[in-house]
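Here is my note on the model, as numbered points. Please read it with the coordinates open.

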Amino acid sequence: MTPDQIKAKIGVDGINVREGDTGEFYWVSLTREVRGHKHSRSVRLMKEPSPEQMAKAKDAFNVWWAEEQE
């Protein structure tokens with residue numbers, strides 16, 4: 001999969017997808033800002049992630065962001 005395909009399938013606004021240093025996986029990251037403080041979260045996905053893996057990544061971003069806002 002390409003980074004753009006992963007972005008579209010995960011469906012979280014503002015995510016960034018970049019290839020890992022070894023070229024074997026992608027780093028998917030999200031940075032948000034609240035009251036002048038930046039918060040970020042990254043997850044690693046294989047180059048051909050399953051729909052379940054992408055759903056877990058989306059859930060991880062949503063849970064993380066909900067906790068950061070508390």
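1. Take the contacts (heavy atoms within 4.5 Å) in the protein with a separation of 6 or more: residues 24 or more positions apart account for 30% of them.

2. Basis. This is a predicted model, so local features need pLDDT of at least 70 and side-chain atom pairs count only at pLDDT 80 or more, while totals for chains, interfaces and linings use all residues. Residues are numbered from 1 along each chain as its sequence is written, and side-chain values use heavy atoms, with hydrogens and water left out.

3. Confidence. The pLDDT, the predictor's confidence in each residue from 0 to 100, has a mean of 92 over the protein. 100% of the residues reach 70 or more. Among the elements, strand 1 (residues 16–19) has the highest mean, 96. Helix 2 (residues 51–68) has the lowest, 92.

4. Elements. The protein has 2 helices and 3 strands. Their order from the N terminus is α-β-β-β-α. Both kinds are DSSP runs numbered from the N terminus: helices are H or I with at least four residues, strands E with at least two.

5. Overall dimensions. The radius of gyration, taken over C-alpha atoms, is compared with a globule rule of 2.2 Å times the number of residues to the power 0.38. For 70 residues, a compact globule would be near 11 Å; the protein has 12 Å, which agrees. Its C-alpha atoms fill a box of roughly 35 × 25 × 15 Å along the principal axes.

6. Surface. The protein exposes about 4800 Å², and carbon and sulfur atoms supply 44% of this area. Accessible areas come from the Shrake-Rupley method with a 1.4 Å probe; for residues, only the protein chains shown count as cover. Buried residues make up 31% of the 70. Buried means under 20% relative accessible area, exposed over 50%, and partly exposed in between (1.4 Å probe, protein chains only).

7. Core. Nonpolar side chains tend to be buried together in soluble globular proteins. The largest nonpolar core here has 18 residues. Such a core is a set of buried Ala, Val, Leu, Ile, Met, Phe, Trp, Tyr and Cys residues joined through side-chain atoms within 4.5 Å. Ile 6, Ile 10, Ile 15, Val 28 and Leu 45 have the most contacts inside it. Helix 1 (3–10), strand 2 (25–34), strand 3 (37–46) and helix 2 each give two or more residues to this core. Helix 2 gives the most, with 6 residues.

8. Ile 10. What does Ile 10 touch, not counting residues up to four places away in sequence? Its partners are Ile 15, Val 28, Leu 45, Met 54, Ala 57 and Lys 58.

9. Salt bridge. The structure holds 1 salt bridge, that is, a side-chain nitrogen of Lys or Arg within 4 Å of a carboxyl oxygen of Asp or Glu. Glu 19 pairs with Lys 47, the closest N and O atoms being 3.1 Å apart. The pair links distant parts of the chain, 28 residues apart: Glu 19 is in strand 1, and Lys 47 is in the loop between strand 3 and helix 2. Glu 19 is partly exposed at 41% relative accessibility. Lys 47 is also partly exposed, at 24%.

10. Asp 13. This residue is in the loop between helix 1 and strand 1. Asp 13 is exposed, with a relative accessible area of 64%. Leaving aside neighbours within four places in sequence, Asp 13 is in contact with Leu 30 and Arg 32.

11. Backbone check. Most residues other than glycine have a negative phi. Arg 35 is not a glycine, yet has a positive phi of about 50 degrees. Arg 35 is in the loop between strand 2 and strand 3. Its relative accessible area is 73%, so Arg 35 is exposed.
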